[in-house]
Amino acid sequence: MPDPAALLERIRRAARQEQFLDVLPAEAARARFRAALDLRPLPAETVPLAASLGRVVAQGVAALADAPPFDRASVDGFALRAADSTGATEAAPRRFRLNAEVLACGVAPAIAVGPGTATAIATGGVVPRGADAVVMIEHTRCEEGPEGPEMLLLRPAAPGQMIGFAGSDIARGEALLRPGTLVTSREIGMLAAAGHAAVPVVRKPRVAVLSTGDELVPPGAPLPPGCIHDSNAAILCAAVAEHGGEPLPLGILRDEEAALEAAVRDALGRADLVVLSGGTSKGAGDVSHRILSRLGPPGILVHGVALKPGKPLCLAVIGTTPVVVLPGFPTSAVFTFQEFVAPVIRALAGLPPREEEAAAATLAVRTPSELGRTEYVMVSLSAGEDGLRAFPLGKGSGSVTAFAQADGFFAIPALDAGAEAGALLRVRLIGTATPPDLTVIGSHDLGLDAVLEALAEDGIRARSLAVGSLGGLAAAKRGECDLAGVHLLDPATGSYNAPFLAPGLRLVPGWRRLQGVVHRRGDARFEGLAVEDAVRRAAADPALLLVNRNAGSGTRILLDGVLGGARPPGYANQPKSHNAVAAAVAQGRADWGVAIATVAQSYALGFLPLAEEQYDFVLPETRADRPAVRAFLAALARPAVRARLQALGFTPAG
Ligand SMILES: Nc1nc2c(c(=O)[nH]1)N[C@H]1C(S)=C(S)[C@@H](COP(=O)(O)OP(=O)(O)OC[C@H]3O[C@@H](n4cnc5c(N)ncnc54)[C@H](O)[C@@H]3O)O[C@H]1N2
Ligand code: MOO
C-alpha cells in the first residue's frame, strides 16, 4: 500500500519544481472542483415530442387522457350481451338479430344493443351501449332471417371478453413519467397516447468548446508546414452531446492573450460551461490558464493534477460558470474531459453518472510508469486461453487513437514505477467492449487492412493490434491472438518468417512487398542510379541525412545489411514505421531511407527497389479451427482480395 503522506509530499515537491499552482491527487482535484459548483439539473424547458428524444424529464408528467379513451373491441366481430350467448354450440347456435349499423373505427355508435341483438364491430371500434362482450367473427355465421340479417353464435361469450376498457392502459391523471427519466422512443409513445404534444425537460447545458494554438487548422483544410488538424474540438463537441449537453463550437483561437480573453468572456456570457483545450502547460505559448486568473472570482481552483494523462489540467470557476482548460494532447484532453467534465455536464443535464463497467484481465507486457503520477494506461483486450489479456496501446498522450481505440484502461498507482507482465488488472471499460471475432497482432500492414475489410463485409469483426513482428510472434506463442502478422528476416538463412516458428505454430503465407530506397523525386543524387550505387554514394556523402528504422524491424535488418557496417549521418534517427520514414524524407528532415513501395507512392517519393520481403501470418494451431480464422484463410485466397492486394502494390503468395 502506498503511504498517502509520502505520496502527497512527493507530489507537492513535483509541483514546486514545475511551478504549477498546486498539483493535487486526482480525487482531491475532483472534490475541490465539485464543491465549488451547483450541480443541480438546469431549469426546465418544454419541447415538442419530436424534439424530446434523449432528453431528461424535468417535472413529473401525468396523463392528460385515458388510453384507450373508450371501451373498444379488441377483435373483428360482433358486440352483444354475454347473457344472450349461454349454451351456444356448433350444433345449437344462438341466433342474434343484427342491428342496422357497422361500428368501424372512428364511428360513434347510434344504436344500443338490446336483448337478442348484436352489432357488427371492427377491432378498435367503440363498444355500443348495452353490449358487454365482443365475439370473434370466426365463431359466428351470418344468415338472412325472416326479419333481416342474423348472426349465429357457435360458442358462448363471457362478460367483458374481447373488450379493452377505457383507461385500462393509461388512466387520466396517472403519473406517466417521473423527473429524471430519460426520454426514449418508448416514453415518447406513452406521452403521445396520453395526449401530450410536448414535454417538460431539463434544459441542455450549453458547453462552449474552444481550441487554442497557433498550429491548429480546421479538419479538411490544407496543412501548412508545422500545423495539425484541430481534432480536439470535434471529439469534445461530440462527447458533450453524448453526455447530454449542447455543444457550442467557438472555433480555433491563436495563442494571443487579448483575443483569447475576449473569446472566453464572450463564451462565459453564452454557455453554462466553458471548455478550452491546449496552452495549459509550461511553454511560452501556453496562455489559456493565465487569462483565467483575471476573469473574476473564484478563479482557478486546480492547476496540475498528479495524473497521466492530464497533468496540466486547469479547473476554474468564474462567477458560477465552470471553466476548464484541458491539456492540448488529444488523449490527455479527452481522458480528462471524461473524468472531470463529463460528470458535471451529466449532472447539469439531469443524467445519472455513467455506469462504470470493469473486466479482469492479465497484463501482457511489462509497463513502466512515471513515479509521482497515477498513470492510466489505455489497453486493447484480447481473449487468451485463460481469460482476457490486456495490451497497452503504448501510444502516449499525444495520440488521437489511444483513447478512441482502447477497450479500456487500468491505473498504475503514483508510487509504482510500473506494472509487471502477468499482473492481474481491473480494466475499466470504455464504450462497448465486445470482443472481436478475430484478433490479429503483430506488424501492421496496409494489405492486412484490405483483407480485414473484406472480412468486415462478411460481418466478421476483426481487431488488429500493431505491436511489431517480434511482439506478434510472442503473442502467438502465448496463444493470445488468432494470427500474428510478421516479416522477420533470418540473416543466417536469408529467408523470412519460417525460421522463427516454434512448436504449435503454423505459417500462413501472406504476400511479398517491395522494399526500396526512398528519396525526393528529382533528387539527382539518387534519381536514375542503380540502388547499390545510390546507397554507396549516399552513405559516403556527409551532406545527405539518412532516416533509419527501429532495431528489431525487418526493414532495419535489411538496411543494416545494405550499409555493411557504415553509419551515415542520421543513423540515430530511428522511427518505427514506413510512414514516418517517408514523411521525414518528403518534408526534408532527411534525404533518404528505406520503406515499402506502397508508402513511397502515397508520399509521391522516388523509389529504388532493393528487395522483396515476405509478410506472413503465424497461426497458433489451437486457433486454427475457429470460424473467423477459417474465414480469414478463405479471404486470403479470394480473387477479389488478391486483386485488391495487387492494386496496393503487394504480390500475394501462391
Ligand atoms: N516543459 C514542460 N512541457 C510540458 C509539460 C510540462 O509539465 N513541462 N507537460 C506536458 C504534458 S503532461 C502535456 S499533457 C502537454 C499539454 O500541454 P498544453 O495543454 O499546454 O497543450 P499545447 O502545448 O497547446 O499542445 C500540446 C500538443 O497537443 C496538440 N494540440 C493542441 N490542441 C490541439 C487540438 N485542438 N487538436 C489536436 N491537437 C492539439 C498540440 O499541437 C501539441 O502537439 O504538455 C507537455 N509539455
Ligand atoms: O499529462 Mo500529459 O497528459 O501526460 O501527457
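1. The shell around ligand 2 comprises 3 nonpolar, 3 polar and 2 charged residues. Its members are K308, P309, G310, K311, P327, F329, S332 and S397. As the model is a predicted one, these surroundings should be read as a prediction.

2. Ligand 1 has 28 residues around it, of which N232, G278, S281, P327 and G328 come nearest. By class, this shell divides into 14 polar, 8 nonpolar and 6 charged residues. Two helices, α4 (232-242) and α7 (330-349), each contribute at least two residues to the shell around ligand 1. P327 is listed for ligand 1 and also belongs to the surroundings of ligand 2.

3. In what order do the strands of the open sheet of 6 strands run? The order is β7-β4-β6-β5-β9-β8, and the pairing is mixed. β7 (133-136) and β8 (140-145) stand at the edges; each has a single partner strand, so one side of each lacks a neighbour in the sheet. On average, neighbouring strands of this sheet are turned by 40° against each other, with direction ignored.

4. Strands of a sheet pair through backbone hydrogen bonds, in either a parallel or an antiparallel manner. Between β8 and β9 (residues 148-153) the sense is antiparallel, over 6 bridges. Within this region, G145 stands opposite G148 in β9.

5. The largest nonpolar core has 121 residues, and those touching the most other members are V275, L315, V379, A390 and A484. Helix α7 gives the most to this core, namely 12 residues.

6. Is G654 buried or exposed? G654 has 7 other C-beta atoms within 10 Å and is exposed, because a residue with 12 or fewer such atoms counts as exposed. G654 is placed in the segment after β38 (650-652). In sequence, G654 and L473 are 181 residues apart, and in space they are 23 Å apart, C-alpha to C-alpha.

Definitions and conventions
Residues numbered from 1 in each chain as written. Chains lettered and ligands numbered in written order. Predicted model: local features only at pLDDT ≥ 70, side-chain atom pairs only at ≥ 80, totals over all residues. Near = placed C-beta within 6 Å. Helix = DSSP H or I, 4+ residues; strand = E, 2+ residues; numbered from the N terminus. Nonpolar A, V, L, I, M, F, W, Y, C, P; charged D, E, K, R; others polar. Pairing = 2+ DSSP bridges. Axes fitted to C-alpha atoms, helices over the stretch in contact; angles between N-to-C directions. Core = buried A, V, L, I, M, F, W, Y, C linked by C-beta atoms within 7 Å. Buried ≥ 20, exposed ≤ 12 C-beta atoms within 10 Å, placed from the backbone.
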